[in-house]
Amino acid sequence: MGIMQNKIDFVMLVSVTNANPNGDPLNGNRPRSDYDGVGEMSDVCIKRKIRNRLQDMGESIFVKSDDRCDDGYISLKQRADSSGLKSIKNREEFEKIACEKWIDVRAFGQVFAFSDFGCKSVGVRGPVSIHQARSISSVEIESMQITKSTSGDRKTEGERGSDTMGTKHFVRFGLYEIKGSINVQLAEKTGFTEEDTEKIKEALKTLFMNDASAARPDGSMEVEKLYWWKHDCKDGQYSSAKVHRLVKVEPKDSSKIPNSIDDYNITLGELPNLAVEIFDGL
């Protein structure tokens, strides 16, 4: 397939039940929320999950998490050097090789800032943009005290180690909205293809597959809906903001705290000559 020719907009609804969708390291790893109690997931967190899914699909990834490293390189610098980028001094050639090699570079972009490389600093802008996700309603964050049956650092028998007590934080229930777009002009620069577009769509549909952890047990996070608009031109018939606003989600009873997606009314507006694909959760 060739370079993508039509702008893409998408909106995804994700439910969270008794899980921590994105902990804040500056706040004891509590689930992120704003001052109004609205739950948040950073765009970095969402892109990490997309990268993981693309890696599971057999794609070559530049920014791999340490626990998913499968090529033996312990840093981004080593991974870049292994592809021969260190000796390249021409910026355009550097970008071309990096984008051809790694799908996450040609999708999200990447800053290559290595002082001993021929090109000391190269910034690639990617066509796939992801918004910070926010919950439709404010979320209830609960904390549970937990204990270990075995101490990890006690020095004498009978002593209670400092690490035997802990706290686990989770969202009781939240429905989060993720918005994003794929820009044709930037796709042309990075070589992002129609086939890559389909891979991003598949990664979004299966975003939480192989993502289970103690904070996010299997089934606690679920893709409920994915709305996918493909415009009929490069710039798009309408602005991304206008398209994203077509999805309206409102609580059925504002006096009650929602406990599931069934407690919301979900409606989808229309714009002339703009078709939408709708995918329900797997």
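The largest pocket has a volume of about 240 Å³. A pocket here is an open set of points on a 1 Å grid where a 1.4 Å probe fits, with protein on both sides within 12 Å along at least five of seven lines. The model is predicted: local features need pLDDT of at least 70, side-chain atom pairs count only at pLDDT 80 or more, and totals for chains, interfaces and linings use all residues. Residues are numbered from 1 along each chain as its sequence is written, and side-chain values use heavy atoms, without hydrogens and water.

Sixteen residues line this pocket, each with an atom within 4 Å of a point. Phe 208, Met 209, Met 221, Glu 222 and Val 223 lie nearest its centre. Strand S11 (residues 221–230) gives the largest share of the lining, three residues. Strands are DSSP runs of E, at least two residues long. By type, the lining has eight nonpolar, three polar and five charged residues.

Now turn to the surface. Leu 268, Val 276 and Ile 278 form a nonpolar patch there, with about 200 Å² of accessible area together. In such a patch, nonpolar side chains are joined within 5 Å, and each residue has over 30% relative accessible area. Ile 278 sits in strand S14 (residues 276–280). Ile 278 counts as partly exposed because its relative accessibility is 43%; buried means under 20%, exposed over 50%, and partly exposed in between.

Asn 273 lies in the loop between strand S13 (264–268) and S14. Its phi is positive, near 65°, though the residue is not glycine. Asn 273 is exposed, at 71%.

How values were computed
Patches are made of residues with over 30% relative accessible area and no salt bridge: like charges are joined within 9 Å, nonpolar side chains (Val, Leu, Ile, Met, Phe, Trp, Tyr) within 5 Å. Accessible areas come from the Shrake-Rupley method with a 1.4 Å probe; for residues, only the protein chains shown count as cover. A salt bridge is a side-chain nitrogen of Lys or Arg within 4 Å of a carboxyl oxygen of Asp or Glu. Helices (H or I, at least four residues) and strands (E, at least two) are DSSP runs, numbered from the N terminus. Buried means under 20% relative accessible area, exposed over 50%, partly exposed in between (1.4 Å probe, protein chains only). Grid points are joined across faces, edges and corners, and a volume is the space filled by probe spheres set on the points. Ala, Val, Leu, Ile, Met, Phe, Trp, Tyr, Cys and Pro count as nonpolar, Asp, Glu, Lys and Arg as charged, and the others, Gly among them, as polar.
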